[in-house]
Amino acid sequence: MNLKNFMKDLNGNGAEGELIKTIFVSLATSLTLLVILYFLGLRNISGLIPKYGFYLFFAVLSYALILPAIRHVRAYKEFACMSGMMIGMTIGMIAGFLPGFFIGATNGMFWGSILGMATGIYFGIENGKCCGVMGIMEGIMAGFMGGLMGAMTAIMMLNDNLRAAAVVVFIVAATILFGLNYMIYKETREAEMERKHKDEELFTIAWSFVLTAVTTWFMVFGPRSILFQ
Amino acid sequence: MKANSFFVIAVFALVIIGGMFLIKGEGTTATGNVVAGNAQVVKMYVDGGRYVLTPNEFKVGVPVRIEADISRMPGCSKSIVISAFGVRKILNAGDNVIEFTPTKAGTFNIACSMNMYRGTFTVLDNNGAKADYQEPQAASTGSCGGSGGGCGGGCGGV
């Protein structure tokens, strides 16, 4: 059950063996959607790539890391309270912070917070419920705080290496999600838990599509605060 | 080759291709440094949470040179945004000048990057008259400016 075994199981046939494939499917879906949208009309918007490309790219990367973790949780469905609360908190926080940060950087603090909170609270509840009401509460609180903090951080760094901060934030979030996946692996092996659910690839494709489409629409056409008009 | 090895390589390839396509510098974003010839020189400081510009009226099409009194600009009020003219700049004792050319007439906002400290200035049209256009004001987002205290410490901490 150590890290070495986990890395080995990333190449296996279990739920862990699907993590990298899920990252690939999510990335492929999101980038394909962006390419289609680009050639359907986004390319006519002046300054699209310089203004939004960087944040869109990292938003897409973020979704490609959040969705495998969600799928990993769904594979086992039920966890002990301590693990479930950590799952709800981690996914709620990261799924709130990252969209909040990237949308906050292009649309302002209000809309970044709203989108970040909506995403964080939804995924926090969905994943926190693996241990009942405590996990749900943890997911709601973490999603609420993550969304607000992500957008606030982006605005506070607007004139202070915002892009570099985005890269750092992303790397830290990716490390936390990797840790979460390892924790799930360790908990399920120690408790000898069996896999209870298998999501189709459609799950990843659908969520990647929706999240990327909403993020793109918001960044390019959505409402924004006065600082970004 | 194992299936997951393929996916690892594919993920890296997608990241690199996507990054090459999407990551480009914000080439058109102004930094507030525009070379000015016969600039309109303006003095600026903060009083009671608001930016005070003297004079407060500029001519359209003529470069403006705002010289800030840093000693009277607390906290995040040094991080200036004039969104109407693409100006974003952090002022400090060694670089306290913002230069830009107003390209349209009307009343415009100047704010700190967190929109706590705010102010307005007017750009007169070619005839020296005030234009009707008024840039909308954002809703109040905090109370830092009112106290004149440092935003970075007071408001930022959540």
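## Starting point: A:Ile49

A:Ile49 sits in helix α3 of chain A; helices here are DSSP runs of H or I with at least four residues, strands are runs of E with at least two, and both are numbered from the N terminus. With a relative accessibility of 10%, A:Ile49 counts as buried. Buried means under 20% relative accessible area, exposed means over 50%, and partly exposed is in between, using a 1.4 Å probe and protein chains only. A:Ile49 and A:Tyr38 are 11 residues apart in sequence, and their C-alpha atoms are 9.9 Å apart in space.

A quick word on ground rules: this is a predicted model, where local features need pLDDT of at least 70 and side-chain atom pairs count only at pLDDT 80 or more, while totals for chains, interfaces and linings use all residues. Residues are numbered from 1 along each chain as its sequence is written, chains are lettered from A and ligands numbered from 1 in the order in which they are written, and side-chain values use heavy atoms, with hydrogens and water left out.

## Helices α3 and α4 of chain A

How do helix α3 and helix α4 of chain A pack? Helix α3 covers residues 48–76 and helix α4 covers residues 81–107; they pack at an angle of about 170°, with their axes 9 Å apart. The axes are lines fitted to C-alpha atoms, for helices over the stretch in contact, and the angles run from 0 to 180 degrees between N-to-C directions. α3(A) and α4(A) are therefore roughly antiparallel to each other. For the wording, angles under 35 degrees count as roughly parallel, over 145 as roughly antiparallel, 65 to 115 as roughly perpendicular and the rest as oblique.

The crossing of α3(A) and α4(A) is left-handed, a label used if the near helix is turned anticlockwise from the far one by less than a right angle, with right-handed used if clockwise.

## Salt bridges

Over all chains, the count comes to 15 salt bridges, a salt bridge being a side-chain nitrogen of Lys or Arg within 4 Å of a carboxyl oxygen of Asp or Glu. One of them pairs A:Lys21 with A:Glu201, the closest N and O atoms being 3.5 Å apart. A:Lys21 lies in helix α2 (residues 19–40) and A:Glu201 in helix α8 (residues 201–221), both of chain A, so this pair ties together parts that are 180 residues apart in sequence. A:Lys21 is partly exposed at 29% relative accessibility, and A:Glu201 is partly exposed at 22%. The two also belong to a network of salt bridges that links A:Glu18, A:Lys21, A:Arg71, A:Arg195, A:Lys198 and A:Glu201.

Next up is a pair in helix α7. The side chains of A:Glu190 and A:Lys186 meet in a salt bridge, 3.4 Å from N to O. They are 4 residues apart in helix α7 (residues 162–190) of chain A, which means about one helical turn separates them. A:Glu190 is partly exposed, with a relative accessible area of 48%, and A:Lys186 is partly exposed at 30%. Over in chain B, B:Arg65 forms a salt bridge with B:Glu67, and the closest N and O atoms are 2.9 Å apart. B:Arg65 is partly exposed, with a relative accessible area of 28%.

## A nonpolar surface patch

Which residues form a nonpolar patch on the surface? A:Val133, A:Met134, A:Met137, A:Ile140 and A:Met141 do, with about 460 Å² of accessible area together. Accessible areas come from the Shrake-Rupley method with a 1.4 Å probe; for residues, only the protein chains shown count as cover. Patches are made of residues with over 30% relative accessible area and no salt bridge: like charges are joined within 9 Å, and nonpolar side chains (Val, Leu, Ile, Met, Phe, Trp, Tyr) within 5 Å.

A:Ile140 has its place in helix α6 (residues 133–156) of chain A. At 31% relative accessibility, A:Ile140 counts as partly exposed.

Most residues other than glycine have a negative phi, and most peptide bonds are trans. A:Lys77 is not a glycine, yet has a positive phi of about 65°. A:Lys77 is in the loop between α3 and α4 of chain A and is partly exposed, with a relative accessible area of 46%. A:Glu192 is another non-glycine with a positive phi, about 50°. A:Glu192 lies in the loop between α7 and α8 of chain A and is exposed at 69% relative accessible area.

In chain B, the peptide bond from B:Thr54 to B:Pro55 is cis, with omega near -5°. B:Pro55 is found in the loop between β2 (50–54) and β3 (57–59) of chain B.

## Chain B overall

Chain B has 3 helices and 9 strands, and along the sequence the pattern reads α-β-β-β-β-β-β-β-β-β-α-α. Of the 158 residues of chain B, 41% count as buried.
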